[in-house]
Amino acid sequence: MPVEFIGMIGTRKASELHGPTVSLTGGSVDPEYVRKFAKVHEDGGFDRVLVGYSSTGPDGFSVVSYAASVTERLKFLLAHRPGFVTPTLAARKLATLDRFTNGRVAVHIITGGSDAEQQRDGDWLDHDTRYRRTDEYLNILRQVWTSEEPFNYEGEFYRLKGAFSEVKPLQKPYIPIYFGGASGAAVGVGVKHSNVYAFWGEPLAAIKQRIAEVKAAAPPGVELRFSISLRPILAEKEEKAWEKARYILSRIKETRAKAGIQLPPGTSARPQAVGSLRLLEFAKESEIHDKRLWTPIAAVTGAYGNTTALVGTPEQVAESLVDYYKAGVTTLLIRGFDPVEDAIAYGRDVIPLVRKQVQLLEQQTLTVA
């Protein structure tokens with residue numbers, strides 16, 4: 001199966017290097033930065049870019065709409081948190097966006113692993129209840145996209161009468177759904193509705209185990225693809241890459257210390273998201289897993305988001321990414337700590353190598369078959 005590369009764009013220059021409270025999806029909106037960032041990914045051979053979600057950041061629908069208007073081929077993965085836009089309206093918004101972008105939209109469902117994040121938008125449901133709501137939400141979303149007749153719906157969270165949308169997605173039968181979540185409640189919902197199940201950057205053995213568990217939970221006949229999110233740190237020589245990694249870590253520690261913050265604001269000492277807790281456990285076990293999966297940044301930041309890195313030369317990082325492909329991962333989400341500069345380097349130095357190696361693996365598989 002071909003490999004898919006996903007980057008991530010924000011609305012201003014931001015990363016963990018620029019301060020503990022600065023994120024890609026927070027703060028002001030710089031249209032020229034968004035245009036440049038999107039074009040860098042398109043020119044670099046990325047398939048999609050993720051537009052993230054936070055309870056304090058810009059509206060992702062608008063960001064995708066603008067970024068799509070300044071690109072031609074690049075596709076988009078819009079992070080969307082169920083519960084704050086009604087599913088019928090969300091279905092119409094996404095279908096409309098899919099039409100205007102000529103079928104370049106996918107949606108990444110983020111149910112929410114932090115009570116503080118949810119409560120900023122007025123949501124007081126607990127973790128497992130949020131996933132039950134997501135289940136209903138996605139049932140309705142897909143039905144709105146595919147139903148040729150008005151329908152009624154009666155559930156725990158939503159009650160509809162005569163629901164219908166005149167606008168349908170360009171992509172059939174519906175817009176691709178990516179899904180993230182490491183808890184048991186998440187898996188039950190994700191295998192039911194998604195096309196791609198997303199993991200953060202865990203060691204190879206753990207990813208193989210996660211893939212097996214998700215596949216085992218999937219309904220009969222469902223074929224899922226799998227994604228992993230990583231932060232490559234590159235240099236021409238391996239020792240230089242490790243020096244760069246240690247410098248990035250020191251900068252992150254410095255900015256956090258100056259701000260008097262040990263963990264992201266508004267959070268507890270340990271994150272609530274199961275995926276974050278897993279990353280912290282791997283960080284406790286070892287700074288380096290496998291050949292070059294590096295965990296200290298996850299430990300320092302509380303693993304709020306994808307914070308594990310692959311450190312090495314472009315050839316070494318490409319080799320590690322191919323190892324994940326061999327393990328069953330076909331979508332690789334890679335973003336850097338210097339967002340634009342790193343995206344350029346990935347497109348120039350890493351993506352071509354991975355695509356070539358994956359193509360060779362596919363040819364070998366066909367030959368054996």
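1. Thr330 sits in the loop between helix H11 (314–327) and strand S13 (331–334). Helices (H or I, at least four residues) and strands (E, at least two) are DSSP runs, numbered from the N terminus. The model is a predicted one, in which local features need pLDDT of at least 70 and side-chain atom pairs count only at pLDDT 80 or more, while totals for chains, interfaces and linings use all residues. Residues are numbered from 1 along each chain as its sequence is written, and side-chain values use heavy atoms, with hydrogens and water left out.

2. Thr330 counts as buried because its relative accessibility is 9%. Here buried means under 20% relative accessible area, exposed means over 50%, and partly exposed lies in between (1.4 Å probe, protein chains only). Not counting residues up to four places away in sequence, Thr330 touches Met1, Pro2, Val3, Glu4, Arg225, Phe226 and Tyr325. Contact is taken as heavy atoms within 4.5 Å.

3. Helix packing comes next. Two packed helices are described by the angle between their axes and the distance between the axes. The axes are lines fitted to C-alpha atoms, for helices over the stretch in contact, and angles run from 0 to 180 degrees between N-to-C directions. Helix H3 (residues 87–100) packs on helix H5 (residues 127–146) at about 50°, and the axes are 9 Å apart. H3 is therefore oblique to H5. In this scheme angles under 35 degrees count as roughly parallel, over 145 as roughly antiparallel, 65 to 115 as roughly perpendicular, and the rest as oblique.

4. The crossing of H3 and H5 is right-handed; that is, the near helix is turned clockwise from the far one by less than a right angle, anticlockwise being left-handed. On the H3 side the contact consists of Pro87, Thr88, Ala90, Ala91, Leu94 and Ala95, and on the H5 side of Tyr137, Ile140, Leu141, Val144 and Trp145. By class this is 10 nonpolar, 1 polar and no charged residues. Nonpolar covers Ala, Val, Leu, Ile, Met, Phe, Trp, Tyr, Cys and Pro; charged covers Asp, Glu, Lys and Arg; the others, Gly among them, are polar.

5. H3 also meets helix H2 (residues 60–69), where the axes come within 11 Å and cross at roughly 10°. H2 is therefore roughly parallel to H3. Phe61, Val64 and Ser65 of H2 make this contact with Lys93, Leu94 and Leu97 of H3. The residues divide into 4 nonpolar, 1 polar and 1 charged.

6. The largest nonpolar core has 79 residues, and those with the most contacts inside it are Phe5, Leu94, Trp145, Leu321 and Val354. A core is a set of buried Ala, Val, Leu, Ile, Met, Phe, Trp, Tyr and Cys residues joined through side-chain atoms within 4.5 Å. Helix H12 (residues 339–368) gives the most to this core, with 8 residues. Another core, of 15 residues, lies apart from it and includes Ala241, Trp294, Ala309 and Phe337.

7. Trp145 deserves a separate entry. Leaving aside neighbours within four places in sequence, Trp145 is in contact with Ala91, Leu94, Ala95, Val107, Lys168, Pro169, Pro173, Tyr174, Ile175 and Ile177. One of these, Pro173, is in the loop between strand S6 (159–163) and strand S7 (177–180). The peptide bond from Lys172 to Pro173 is cis, with omega near 0°.

8. Ala309, in strand S12 (residues 309–312), is buried because its relative accessible area is 0%. Leaving aside neighbours within four places in sequence, Ala309 contacts Arg231, Ile233, Arg292, Leu293 and Trp294. Pro232 belongs to strand S9 (residues 225–234) and is buried, with a relative accessible area of 2%. Not counting residues up to four places away in sequence, Pro232 touches Leu310, Val317, Ile334, Arg335 and Tyr346.

9. Asn102, in the loop between H3 and strand S4 (105–110), has a positive phi near 60° without being a glycine. Asn102 is exposed, with a relative accessible area of 61%. Asp290, likewise not a glycine, has a positive phi of about 55°. Asp290 is in the loop between strand S10 (288–289) and strand S11 (293–294) and is partly exposed, at 45% relative accessible area.
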